[in-house]
Amino acid sequence: MFSHVMIGSNDLARSKEFYDALFVALGGKPGEVDAGGRLVYAHEGSRLMVTTPINGQPATAANGGTIGVFADSADHVRAWHSAGTRHGGTSAESPPTERPSGIFVAYLRDPDGNKLCARTRAPKA
């Protein structure tokens with residue numbers, strides 16, 4: 001359904017360092033800067049884009065919003081979380097953990113305060 005998610009940043013260089021580390025930890029590629037100056041991360045037909053707000057106002061994080069990405073394994077989730085905390089992010093909610101449903105999940109806040117989640121797919125019944 002979704003083609004992309006766009007989030008704001010107040011420091012694109014800092015965001016690039018952070019998001020490059022996250023995507024590489026999941027087996028993806030570092031982001032590229034498009035003609036409009038936005039960071040673009042593409043993986044399996046989806047795109048995450050990071051930009052400074054076009055209205056010139058400071059970027060702010062969505063209150064109650066979370067951007068979630070799938071990871072292939074619990075080890076990928078742990079690597080994603082570790083890469084994020086080493087590159088300017090902060091751990092959010094609980095440490096990486098397995099939920100009663102069998103998914104493995106971790107949460108971070110990026111350097112601008114956006115909440116992110118990496119999780120495995122639900123186990124097949």
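A pocket here is an open set of points on a 1 Å grid over the protein atoms alone, where a 1.4 Å probe fits, with protein on both sides within 12 Å along at least five of seven lines; lining residues have an atom within 4 Å of a point. Before going on, note that this is a predicted model, where local features need pLDDT of at least 70 and side-chain atom pairs count only at pLDDT 80 or more, while totals for chains, interfaces and linings use all residues. Residues are numbered from 1 along each chain as its sequence is written, and side-chain values use heavy atoms, with hydrogens and water left out.

**The pocket**

Rolling a probe the size of a water molecule over the atoms shows where empty space is left. The largest pocket comes out at about 840 Å³, a volume being the space filled by probe spheres set on the grid points, which are joined across faces, edges and corners. At least two residues each come from strand 1 (4-8), helix 1, strand 3 (39-43), strand 4 (46-51), strand 5 and strand 8. Helices (H or I, at least four residues) and strands (E, at least two) are DSSP runs, numbered from the N terminus. By type, the lining splits into 15 nonpolar, six polar and five charged residues. Nonpolar covers Ala, Val, Leu, Ile, Met, Phe, Trp, Tyr, Cys and Pro, charged covers Asp, Glu, Lys and Arg, and the others, Gly among them, are polar.

Two strands pair if DSSP finds at least two bridges between them. Leu108 stands opposite Leu116 in strand 8.

**Four residues to look up**

Asp20 sits in helix 1 (residues 12-25). Beyond its neighbours within four places in sequence, Asp20 is in contact (heavy atoms within 4.5 Å) with Pro30, Gly31 and Tyr41. Gly88, in the loop between helix 2 and strand 6, touches Phe18 and Pro111 when neighbours within four places are set aside. The C-alpha atoms of Gly88 and Pro111 are 5.7 Å apart, though 23 residues separate them along the chain.

Most residues other than glycine have a negative phi. Glu44, in the loop between strand 3 and strand 4, has a positive phi of about 50°. Glu93 in strand 6 has a positive phi of about 60°.

Buried means under 20% relative accessible area, exposed over 50%, and partly exposed in between (1.4 Å probe, protein chains only).

| Residue | Relative accessible area | Class |
|---|---|---|
| Asp20 | 15% | buried |
| Gly88 | 48% | partly exposed |
| Glu44 | 70% | exposed |
| Glu93 | 52% | exposed |
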